[in-house]
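Please read the following points alongside the coordinates.

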Amino acid sequence: MDQESFDVVVIGAGPGGYVAAIRAAQLGQKVACVDKRPGPGGTCLNVGCIPSKALLHSSELFEQAAHGLAAHGVNVGSPTLDLAAMMARKDKVVADLCAGVEGLFRKNKVAHFRGAGTLTGKNEVTVALDDGGTIVLTAANVVIATGSDVTPLPGVKIDEARIVSSTGALSLDQVPQSMVVIGGGYIGLELGSVWRRLGAKVTVVEFLDRIVPGMDGELAKQLQRVLTRQGINFRLNTKVTGAKFIGRGKKGVRLTLEPATGGDTETVDANVVLVSIGRRPHTEGLGAVAIGVVVNESGRLLVDDQFRTNVEGVYAIGDVVRGPMLAHKAEDEGIAVAEIIAGKAGHVNYGTIPGVVYTWPEAATVGQNEEELKAAGVDYKVGKFAFLANSRGRANATTDGFVKILADSQTDRVLGVHILGPDAGEMIAEAVTAMEFAGSAEDIARTCHAHPTLSEALREAALAVDGRAIHA
């Protein structure tokens, strides 16, 4: 059996894994990265963040052409949808970015092994290569970055044709007449928005009494109102207990629903059902438990603040460890673990990791929300500003939403920022930067913002913390 030796072997080439490999190589380590997908980039690049954002943008353009351009004096008639072309564009975006990661591996001299890697010892990874054969990689340091999988729902079996996961929802060959999305989180709302814009009747079924759990309650409530106006139907406090195929050729699905707290059942029919109730760490077949790595009750690998597992020389980052399952969180951890292995001081500030829902308008958040501050007994001030009063929002006809800043009542330090509005995912970066430097609402309020821009809403919200917003 072939064998090669490295300083660092990374299992997984997603955002955490490939970034860790590249950073380790930059620091002078001899590095290998193992991944069983044909193209690097993990779930995010292949069947997650990137293809979904491509479809979100394309579908938003379609909706604008159908319903939004006439108000600007642009008359194009009734647009027609070429779904195959839209999907082909999405696939090209993915392929180009996968090729880009491969190019970065070559540039940084990272050895890329395509195949399934298994820990067969604390310093040994055995790779079943995709093109046949096996190779053993040895290293003083192994980084587990294998990401996450779709969480299954009992009684609802995914076939990726009629009952789909996020993967199948990215590759439908026709627009369904109706779609039920099980789960009101980030992924379900985004993909539900895509197919609603393209013509599907979309219903979101959520077990809890609100959507986007974990986000600020006021933001979540307003986001639901906006999406309802756009045509998405919501069934909250409702659980799905079963599913069966119906119709000739099994071209439909009948779901059984009941109140979350129990009660009478009912049925709902749909052409396509999207199961989107969260993700779980991907550790199956990894061999981590077999070599003694400790996991918690949710299946995540336990690590310390240096990303070390209990097995010497074995580290873990990304979705398989604690914290939000977000690509940018994994990237930060990838950089940090590489620097720690190289003897430097790697660090991740988990209090300033933003979260974004890429609906339209977008919802973005960083830091603590009002519910968390109240539960912790923190005395805080609130500053809010609506995009309806923002001049660029008015000019662009993008006036839904608001900016909310939460600041400590005594120190004025920014504790959390929550944005529902156009380009919120871009705007949140300013808030993250301010919080990373322990900034105050006054710091943001005293910072000059170009006019007219959407970001002026952030400054106005900062001014509103002290009760002195100019344009409200």
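1. Helix H3 passes helix H4 in a right-handed crossing; a crossing is right-handed if the near helix is turned clockwise from the far one by less than a right angle, and left-handed if anticlockwise. H3 and H4 (residues 83-107) pack at an angle of about 140 degrees, with their axes 9 Å apart. Axes are lines fitted to C-alpha atoms, for helices over the stretch in contact, and angles run from 0 to 180 degrees between N-to-C directions. Helices (H or I, at least four residues) and strands (E, at least two) are DSSP runs, numbered from the N terminus.

2. The model is predicted: local features need pLDDT of at least 70 and side-chain atom pairs count only at pLDDT 80 or more, while totals for chains, interfaces and linings use all residues. Residues are numbered from 1 along each chain as its sequence is written, and side-chain values use heavy atoms, with hydrogens and water left out.

3. On the H3 side, Ile-50, Pro-51, Ala-54, Leu-55, Ser-58 and Ser-59 meet H4 residues that include Met-86, Met-87, Val-93 and Leu-97 (contact means heavy atoms within 4.5 Å). By class, this contact of H3 with H4 has nine nonpolar, two polar and two charged residues. Ala, Val, Leu, Ile, Met, Phe, Trp, Tyr, Cys and Pro count as nonpolar, Asp, Glu, Lys and Arg as charged, and the others, Gly among them, as polar.

4. H3 (residues 49-68) also packs with helix H6 (residues 186-197): their axes come within 9 Å and cross at roughly 35 degrees, and the crossing is left-handed. Among the H3 residues in this contact are Leu-55, Ser-59, Glu-60 and Glu-63, which face an H6 set including Glu-190, Val-194, Arg-196 and Arg-197. The residues of the contact of H3 with H6 divide into five nonpolar, three polar and six charged.

5. H6 in turn lies across strands S8, S9 (201-205), S10 and S14, running at about 165 degrees to S9. The open sheet of five strands has the order S7-S14-S8-S9-S10, with parallel pairing (two strands pair if DSSP finds at least two bridges between them). S7 (163-164) and S10 (233-235) are the edge strands, each with a single partner strand, so one side of each has no neighbour in the sheet. Four bridges join S8 (residues 178-182) to S14 (residues 272-275), and Ile-182 has Val-275 as its bridge partner in S14.

6. S12 (residues 252-259) and S13 pair over five bridges, with Thr-267 of S13 the bridge partner of Thr-256.

7. The second largest pocket holds about 840 Å³ of space. On a 1 Å grid over the protein atoms alone, a cavity is a set of points where a 1.4 Å probe fits but cannot get out, and a pocket is an open set with protein on both sides within 12 Å along at least five of seven lines; lining residues have an atom within 4 Å of a point. Grid points are joined across faces, edges and corners, and a volume is the space filled by probe spheres set on the points. H3 gives the largest share of the pocket lining, nine residues.

8. The structure holds one cavity of 30 Å³ or more. The largest cavity has a volume of about 50 Å³, and its lining includes Val-150, Ile-187, Val-275 and Arg-279.
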